[in-house]
Amino acid sequence: MSSLRLAPAAAGARLLGLGSVQPDTVVTNDDLARRIDTNDQWIRDRVGIRSRRIADEKTLLVDMAADAGALAVEDAGLTPADIDTVIVATCTMPNPIPNAAAQMADRIGVNGIGAMDLNAACAGFCYGTGVAADMIRSGTARHVLVVGSEKLSDWLDMDDRSVCIIFADGAGAAVLGPAETPEDVGVGPVAWGAAGDLVSTIGIDEKNYLRQEGQAVFRWATTKIAPIAMEALDKAGLTPADVDVLVPHQANLRIVEAIAKKLRSQGARDDLVVADDIVHSGNTSSASIPMAIDHMRGAGRVRSGDVALIVGFGAGLSYGGQVVVLP
Ligand code: COA
């Protein structure tokens, strides 16, 4: 038997464009304190959030995914017809079928392309980026749109003050395309995994409300995620001193700072930029990393060509990260 023909491979993948959207409605800590027994100081001190965006009933997760995706395609200098695969990282679809990816692809005007959802909770964007980069490198895909979109407000018990103050809504997206030469490669190998033995620490209960064991998740994230970030760096052949921007999943500012502290102790530069988008966006799960980068770019805190270390973690407990060069 003759050998099977394979698609022509690329040197690797790189990020071509980014986009993000948030609902218009801003909910401050004081707004929450009028409804439940909490206060602005407690939330700032323990989580770092000052305000978050919450979608209205009519706005669907797919709407936010399509809007962020369309912005990323435009930012990449492409048209929707150039996209051949869509991956929507999400854990908050109202129903398991139909998936978000096929709907959002249709919404941005493309049909007949590969379209799948990927659920690795708050690690979803890094998982999606890892899958997309390998698809491009192997020649399976050329331009992949990876979107993290979440409507966490659909799953919140607004009487559970340990949860409802943290989570929020929004979408962030990136377009990945081929690197023509090894020097152009802008997405490093993914370092990922899952701690299924801790699965009970975050989940949806029988009433469809998100519950978590806050302290257990906090302890896990502050000890186990920095080593994953270091592993992603090592896999890319880089050291902490090579990193311009650190973008951990925006779960809690204290967790972000713990990861940054570890990177600094391992030789990160004094001018390392650390994402703190949670302050005004809350925890938007799989949307938080691309949204944070897009906001930092808009604020002029990061530039094209910067080396970013991204690392996601959340329910599962799933985790994953890689190095990306910003578009
Ligand atoms: N406002 C005021 N008080 C609150 C509160 C709130 N929103 N939520 C909890 N408290 C109270 C508790 O009832 C408790 O009171 P008590 O001492 O009288 O019993 C006290 O604050 C301390 O609670 P504790 O759960 O120990 O607080 P904490 O410092 O661990 O903070 C979290 C709680 C949830 C903010 C924190 O554990 C956390 O962020 N964990 C990580 C969760 C996470 O990142 N999840 C997403 C992963 S993607």
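Trainee: By class, how many nonpolar, polar and charged residues does the lining of the largest pocket have?

Mentor: Please bear in mind that this model is predicted. The largest pocket has a volume of about 840 Å³. Its lining is made up of 38 residues, and those closest to the centre are Ser162, Ile166, Phe167, Gln212 and Gly214. Sorted by class, the lining has 19 nonpolar, 14 polar and 5 charged residues.

Trainee: Which helix gives the most to the lining of the largest pocket?

Mentor: Several elements each supply at least two residues of this lining, among them helix 2 (40-46), helix 6 (214-235) and helix 7 (253-265). Strand 9 (202-204), strand 10 (210-212) and strand 13 (307-314) also each supply at least two. With 5 residues, the element that gives the most is helix 6.

Trainee: How do the residues of the lining of the second largest pocket divide into nonpolar, polar and charged?

Mentor: Residues that line the second largest pocket include Ala11, Gly130, Asp134, Arg137 and Val190. Domain 1 (12-183) and domain 2 (186-325) each contribute at least three residues to this lining. By class, the lining divides into 7 nonpolar, 3 polar and 2 charged.

Trainee: How much of the ligand does the protein bury?

Mentor: The ligand is surrounded by 25 residues, of which the closest are Thr38, Arg46, Gln212, Gln215 and Asn252. A polar side-chain atom of Trp42 is 3.5 Å from a nitrogen atom of the ligand. For Arg46, an N or O atom of the side chain is 2.6 Å from an oxygen atom of the ligand, and for Gln215 the corresponding distance to a ligand oxygen atom is 2.4 Å. Taken alone the ligand exposes 960 Å², and the share of this area that the protein buries is 73%.

Trainee: Where does Pro98 lie?

Mentor: The peptide bond that leads from Ile97 to Pro98 is cis, with omega near -5°. Pro98 itself belongs to the loop between strand 4 (85-89) and helix 4 (100-107).

Trainee: In which loop is the place of Leu317?

Mentor: The peptide bond from Gly316 to Leu317 is cis, with omega near -10°. Leu317 has its place in the loop between strand 13 and strand 14 (318-325).

Trainee: What is the phi of Ala121?

Mentor: Ala121 is found in the loop between strand 5 (114-118) and helix 5. Although Ala121 is not a glycine, its phi is positive, at about 50°.

How values were computed
Residues are numbered from 1 along each chain as its sequence is written. This is a predicted model: local features need pLDDT of at least 70, side-chain atom pairs count only at pLDDT 80 or more; totals for chains, interfaces and linings use all residues. Side-chain values use heavy atoms; hydrogens and water are left out. On a 1 Å grid over the protein atoms alone, a cavity is a set of points where a 1.4 Å probe fits but cannot get out, and a pocket is an open set with protein on both sides within 12 Å along at least five of seven lines; lining residues have an atom within 4 Å of a point. Grid points are joined across faces, edges and corners, and a volume is the space filled by probe spheres set on the points. Helices (H or I, at least four residues) and strands (E, at least two) are DSSP runs, numbered from the N terminus. Ala, Val, Leu, Ile, Met, Phe, Trp, Tyr, Cys and Pro count as nonpolar, Asp, Glu, Lys and Arg as charged, and the others, Gly among them, as polar. Domain bounds come from an automatic or database domain assignment. A residue is near a molecule or strand if one of its heavy atoms lies within 4 Å of it. A polar contact is a pair of N or O atoms within 3.5 Å; within protein, one must be able to donate a hydrogen and the other to accept it, and residues adjacent in sequence count only if both atoms are side-chain atoms. Accessible areas come from the Shrake-Rupley method with a 1.4 Å probe; for residues, only the protein chains shown count as cover.
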